[in-house]
Amino acid sequence: MTSFVRRAAIFTTTLAVVAAGGVGLAAAAQAATDPSAAATAAATATPSAAATSAATASPSASTTAAPTATASPSATSGSSSGAGGSSATAGQDPSLAVQNANGNHAMGSTIPADDSASGATSLKLHSLATVQATAQAATPSGLKGLDVSAYQPSVNWSSVAANGAKFAYIKATEGTTYTSSTFASQYNGAYAAGLSRGAYVFATPNTSTGAAQATYFVNHGGNWTNDGRTLPPLLDIEYGYNATCWGLSQAAMVAWIKDFSNTVLKLTGIRPAIYSTTDWWSQCTGNNSGFSQNPLFIAHYTTASTPGTLPASWKSWSVWQWADSGVFPGDQDVFNGTIGQLKYFALGTTASSVPVAGATASSTLAAGAKLTAGKSMTSSNGQFTLSMQSDGNLVLSGNGHVMWYSHTSGSGAYLTMQADGNLVIYSATGTALWKTSTTGTGGTMVLSSSGQLQVTTSNGQVWTSGWTGTSYISKGTNLVAGQTIHDVSGLVQGIMQSDGNFVVYINRKAKWQSGTGGNPGSRLDLQSDGNLVLYNSAGRAIWTSRSTGANPILQTQTDGNMVLTAGGKVKWYSRTSV
């Protein structure tokens with residue numbers, strides 16, 4: 001991410017807008033129902049380990065509305081251009097002049113050599129080699145990670161993982177004219193090696209609107225899926241290479257960032273953030289405090305154990321870029337949390353939101369425990385998230401949409417599982433806003449892997465949130481091992497198995513399969529172009545529905561059929577029945 005920072009040994013605070021946001025209440029594809037104490041839970045059929053006993057029905061294009069020829073499944077779209085010009089020394093970025101000539105800038109490349117306003121003047125007196133040696137000898141605490149661009153074209157991801165990296169950010173685009181030719185290989189390579197990974201864009205606010213650059217970014221690699229391993233999209237915004245603050249006023253810069261953030265949220269369902277220095281944030285936004293919902297990726301090269309003073313919008317950081325070289329290619333980063341918190345971060349929750357205080361497990365709220373404002377919990381299979389939003393609404397989401405919510409409001413509201421068996425949302429002043437009206441000792445609330453909230457007391461299971469939204473997935477969603485979609489009865493299930501096979505079960509019997517067993521680590525993606533694609537762990541498509549269309553939905557029906565619709569027309573179905 002850094003070149004001028006590296007070359008001048010400037011260690012200034014930098015922050016990158018990582019898109020991460022709470023669950024919004026955009027309308028779901030199906031209306032959410034109010035929770036009812038009388039709701040009963042349908043038993044979920046347990047899938048067998050494999051579907052080899054069932055005959056394979058090869059996916060056919062002859063649906064009732066014949067789909068058009070599909071665009072080839074890929075992790076990214078759009079044209080690409082390489083690093084261009086002179087190549088960098090292995091693992092490092094070239095000079096700013098070379099990056100200017102290429103029209104391709106790594107994160108941090110425009111941070112000036114004289115950044116005295118950041119308070120880093122003493123650090124720049126060190127030689128680069130001395131500072132690097134000192135920094136590498138004192139790696140900050142947290143999960144190790146890295147960020148790379150086309151200037152690191154041949155990353156050995158297996159070696160990176162072996163050396164302890166748990167996550168990576170990879171450059172996808174710059175402005176609306178550049179797409180990295182190495183993005184797909186780097187993005188898929190990191191995933192195949194077991195890393196969580198995300199995409200970043202180098203912003204050029206003087207060339208086009210925030211909305212235009214956000215749209216280009218999302219369409220060329222910056223999209224997000226709630227698989228627990230795709231990190232929030234990341235905005236790299238820093239000093240302009242042709243004018244400080246890109247020639248924009250502080251008010252115009254704040255408006256540009258909001259435009260970008262709101263567009264990414266609208267297109268992906270997750271909120272972006274900011275990479276720049278504390279000095280840059282002060283100079284170019286007036287130290288604006290209005291971006292607290294966007295997680296912070298801070299850059300500051302220092303021998304201290306913390307990144308120092310943060311910009312006014314943030315009280316804590318999610319990711320810290322602490323050195324420009326080290327054991328990994330590109331920049332050296334750390335995540336502010338545990339491996340479990342990294343997964344929550346990938347699901348759109350800030351690192352500080354987990355673990356849930358008092359919960360016995362990430363998917364469980366035990367008697368006496370609370371879920372406070374801004375915190376979330378996730379089902380054991382990583383498919384569903386329950387968020388106590390800062391606006392006072394309790395929201396259950398998954399499969400790419402909102403599935404249920406409590407219809408409550410009020411800053412400071414919180415959820416608690418009471419010892420008397422009642423699950424209650426209280427306002428900040430102690431007024432009950434919502435409750436399940438359940439009774440019995442030893443109450444426990446569980447967010448199940450089937451997508452239900454379930455309250456169980458000494459009287460047995462007495463309340464559930466119902467099955468609304470569990471029967472379908474929306475565009476941009478994927479299923480990984482252990483994740484399912486099922487009809488309202490729970491008897492018709494589509495299961496992404498750990499062996500790489502996607503199987504339709506009816507009453508626990510396999511009725512259709514993708515025939516892709518033997519590919520552990522695979523995922524099923526419902527792409528925004530309408531194509532349903534199974535990718536193996538290396539990112540190669542091993543099965544596809546060969547369908548196209550806008551606003552696709554994959555749904556399990558009560559008649560036993562699994563159907564993919566797009567643009568209001570059937571594009572593919574499993575030909576299965578009860």
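Author: Tyrosine 239 lies in the loop between strand 6 (234-236) and helix 7. The model is a predicted one.

Reader: What makes tyrosine 239 buried or exposed?

Author: The limit for buried is under 20% relative accessible area. Tyrosine 239 has 4%, so this tyrosine is buried. Its C-alpha is 7.7 Å from that of serine 276, a residue 37 positions away in sequence.

Reader: How are helix 7 and helix 8 set to each other, parallel or perpendicular, and why?

Author: Helix 7 (residues 250-268) and helix 8 (residues 278-285) pack at an angle of about 110°, and their axes are 7 Å apart. Angles of 65 to 115 degrees count as roughly perpendicular. Helix 7 and helix 8 are therefore roughly perpendicular to each other.

Reader: Which residues make the contact between helix 7 and helix 8?

Author: Helix 7 contributes Gln250, Met253, Val254 and Ile257, and helix 8 contributes Trp280, Trp281, Ser282, Gln283, Cys284 and Thr285. By class, this contact has 6 nonpolar, 4 polar and no charged residues.

Reader: Why is helix 8 described as largely enclosed by the rest of the structure?

Author: The description follows from a count: 6 of the 8 residues of helix 8 are buried, so the helix is largely enclosed. The buried residues are Thr278, Asp279, Trp280, Trp281, Cys284 and Thr285. Just after helix 8, glycine 286 has a positive phi of about 70°. Trp280 and Trp281 also belong to one aromatic cluster with Phe291 and Trp314.

Reader: How many aromatic pairs are there?

Author: The count comes to 18 aromatic pairs.

Reader: Why is the pair of tryptophan 404 and tryptophan 463 called edge-to-face?

Author: Two values have to be set against limits. Ring centres must lie within 6.5 Å for a pair, and planes over 60 degrees apart count as edge-to-face. The ring centres of tryptophan 404 and tryptophan 463 are 6.2 Å apart and the planes are at 70°, so the pair is edge-to-face. The pair links distant parts of the chain, with tryptophan 404 in strand 15 and tryptophan 463 in strand 21 (residues 460-464), 59 residues apart. Tryptophan 404 is buried, and so is tryptophan 463.

Reader: What makes the pair of tryptophan 512 and tryptophan 572 stacked or edge-to-face?

Author: Here the centres are 5.3 Å apart and the planes of tryptophan 512 and tryptophan 572 are at 70°, so this pair is edge-to-face.

Reader: Where does the charged end of arginine 575 sit?

Author: The charged end of arginine 575 sits over the ring of tyrosine 573, 4.7 Å from the ring centre. The limit on that distance is 6 Å. Arginine 197 lies over the face of tyrosine 187, at 4.0 Å from the ring centre.

Reader: Why does histidine 407 count as partly exposed?

Author: Buried ends under 20% and exposed begins over 50%, with partly exposed in between. Histidine 407 has 44% relative accessibility, so partly exposed is the class. Histidine 407 is in the loop between strand 15 (401-405) and strand 16 (414-417).

Reader: What is the phi of histidine 407?

Author: Phi of histidine 407 is near 65°, a positive value in a residue other than glycine. Most residues other than glycine have a negative phi. Asparagine 507, in the loop between strand 26 (502-506) and strand 27 (509-513), also has a positive phi, near 50°.

Key: Residues numbered from 1 in each chain as written. Predicted model: local features only at pLDDT ≥ 70, side-chain atom pairs only at ≥ 80, totals over all residues. Heavy atoms only, no water. Helix = DSSP H or I, 4+ residues; strand = E, 2+ residues; numbered from the N terminus. Buried < 20%, exposed > 50% of the residue type's maximum accessible area, 1.4 Å probe, protein only. Axes fitted to C-alpha atoms, helices over the stretch in contact; angles between N-to-C directions. Parallel < 35°, antiparallel > 145°, perpendicular 65-115°, else oblique. Contact = heavy atoms within 4.5 Å. Nonpolar A, V, L, I, M, F, W, Y, C, P; charged D, E, K, R; others polar. Phe/Tyr/Trp six-rings, centres within 6.5 Å; stacked < 30°, edge-to-face > 60°. Lys NZ or Arg CZ within 6 Å of the ring centre and 35° of its normal.
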